[in-house]
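This briefing covers the fold, the surface and a few local features of one protein chain. Please keep the sequence and the model at hand while reading.

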Amino acid sequence: MKKRILLTSFDTWLEDQKSNSSDDLLFEVTQLNSLPLDLQFLRLLPVDIGLASSLVMAKIEESQPDYIICCGMAASRKKLSVEVGASCGEIFLQTTVDLKKLLIGATATDISDDCGKFVCEGLYYSILDYLEQNKLSAHCVFVHVPILNQDNLIEILTDFVLIINNLALS
């Protein structure tokens, strides 16, 4: 049976942004015909923790994915970053995915423990908490995506597809 994987991305939040690199990456994934997986997309989430979280939770209820990969833009980073977890106040929730195993073979991806203090951390925390509170078997990771350009697109897309495939095989 194919693993169901839900992939999410954010919309832009500044007037001068042409796009959000998290959504740019998911667009590239939609162009690939070689992924024999059940991928579902929830793209261009509003840059609002409550709204974005509600939309993702509704999609989880509807599609019952095995894995959720939430993506957000990290313009200052040069590589993909898979986040260990997220905080809300004093509470830290960690992904249940073995990130070292997930990244075997990756060349353009780091493991990060800095999910930021913006909507990315809020969404990640909300989804990890939702999965735990509802005792769902789905697993979630958050991937920060640098600005994509001609020099890094192939390497980042290759690593992202590797992450998807490694989840599907776990």
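How much accessible surface does the protein chain have, and what percentage of it belongs to carbon and sulfur atoms? The accessible surface is about 8,700 Å², and carbon and sulfur atoms hold 52% of it; areas come from the Shrake-Rupley method with a 1.4 Å probe, and for residues only the protein chains shown count as cover.

This is a predicted model, in which local features need pLDDT of at least 70, side-chain atom pairs count only at pLDDT 80 or more, and totals for chains, interfaces and linings use all residues. Residues are numbered from 1 along each chain as its sequence is written, and side-chain values use heavy atoms, with hydrogens and water left out.

**Fold and dimensions**

- The protein chain contains five helices and eight strands (DSSP runs numbered from the N terminus; helices are H or I with at least four residues, strands are E with at least two).
- Read from the N terminus, the order of elements is β-α-β-α-β-β-β-β-α-β-α-β-α.
- The radius of gyration is 15 Å, which agrees with the value near 15 Å for a compact globule of 170 residues (taken over C-alpha atoms; the rule is 2.2 Å times the number of residues to the power 0.38).
- The C-alpha trace spans about 40 × 40 × 25 Å along its principal axes.

**Burial, contacts and charge**

- Of the 170 residues, 50% are buried (under 20% relative accessible area; exposed is over 50% and partly exposed in between, with a 1.4 Å probe and protein chains only).
- Of the contacts (heavy atoms within 4.5 Å) between residues at least 6 apart in sequence, 78% join residues at least 24 apart.
- There are 13 positive and 23 negative side chains, and the centres of the two sets are 6 Å apart. Lys and Arg count as positive and Asp and Glu as negative, without His and the chain ends; the charge is placed at NZ of Lys, CZ of Arg, CG of Asp or CD of Glu.

**Helix H5**

- Buried residues of H5 include Ile156, Phe160, Ile164 and Leu167.

**Positive phi angles**

- Most residues other than glycine have a negative phi.
- Leucine 44 has a positive phi of about 60 degrees; leucine 44 lies in strand E2 (residues 38-45) and is partly exposed at 44% relative accessible area.
- Glutamine 64 has a positive phi of about 50 degrees. Glutamine 64 sits in the loop between helix H2 (49-63) and strand E3 (67-73) and is partly exposed at 41%.
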